Each structure stands twice: as structure tokens, then as C-alpha cells.
Amino acid sequence: MKKVEAIIKPFKLDDVRESLAEIGITGMTVLEVKGFGRQKGHTELYRGAEYMVDFLPKVKIELVIQDDLLDQAIDVIVETARTGKIGDGKIFVTDVERVIRIRTGEENEEAV
């Protein structure tokens, strides 16, 4: 199994969720996060004073999926979240050794 963490622009969340549901991925965790990379933030004006906004709002989606769905899930996220502009985000993939559903005690694929 793999854990996929995708950091995307917030307005793309619903589109990505719907696209993942179409390929059979329905379980995910979503977090509101802030950060920056090459985008480096921006300046805003408040009461006539300019100030720097260092961390930009993003959304982090976490999925634990079976290996055979990995490439398809990545393709869907990339296609759906891409705007072609700086700050579209990143995807991180890591191995998952064990998953346990607390309520039933099921493990691994059955627990996902």
C-alpha cells in the first residue's frame, strides 16, 4: 500500500475529490495548510500599508491506497489540480507498512 499526500490549491479540492471518486477512491483526509515554495508568498495592502504574506493557503489531501491504484490516482490528481501556473502543488508518495481499522481490528487492504 502507498500513502499519497497531495498539496494543491484550495479551489481545486472539490474537482480532485470528484475525480478520485470516479476511479473508486472515496476515503481521504483533507487538511487546510499553509506554505510556500518557489511561489514565495506575495504582498497585500491593509489600511494603506503594504505587508508580506509569507505562507499561502493550500489544501493537503492524504490517501492510503493499494499499489495497483497508485499511477491512476496520481494521474487524476495531476490532471485535475493543474492550472499551469506557479503554486499548483506537489505530490508525495510513501510506503505504508500496516493499517489497522480501530473499530473492527481489520488490517491492511481490508482496513482501507
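How many bridges link β2 and strand β5 when they pair in the antiparallel sense? The count is 7, with β5 covering residues 56-65; two strands pair if DSSP finds at least two bridges between them. Strands themselves are DSSP runs (E, at least two residues), as are helices (H or I, at least four), and both are numbered from the N terminus. Within this pair, Val-33 sits opposite Lys-58 in β5.

The model is a predicted one, where local features need pLDDT of at least 70 and side-chain atom pairs count only at pLDDT 80 or more, while totals for chains, interfaces and linings use all residues. Residues are numbered from 1 along each chain as its sequence is written, and side-chain values use heavy atoms, leaving out hydrogens and water.

Zooming out, β2 and β5 belong to an open sheet of 4 strands, ordered β2-β5-β1-β6 with antiparallel pairing. At the edges are β2 (29-35) and β6 (89-95), each pairing on one side only. Helix α1 packs on this sheet and touches β1 (2-8), β2 and β5, contact meaning heavy atoms within 4.5 Å.

On to the helices: α1 (residues 13-22) packs with α2 (residues 70-81) at an angle of about 150°, the axes being 9 Å apart. Axes are lines fitted to C-alpha atoms, for helices over the stretch in contact, and angles run from 0 to 180 degrees between N-to-C directions. That angle makes α1 roughly antiparallel to α2 (over 145 degrees; under 35 is roughly parallel, 65 to 115 roughly perpendicular and the rest oblique). Asp-15, Val-16, Ser-19 and Leu-20 in α1 meet Ala-73, Val-76, Ile-77, Thr-80 and Ala-81 in α2.
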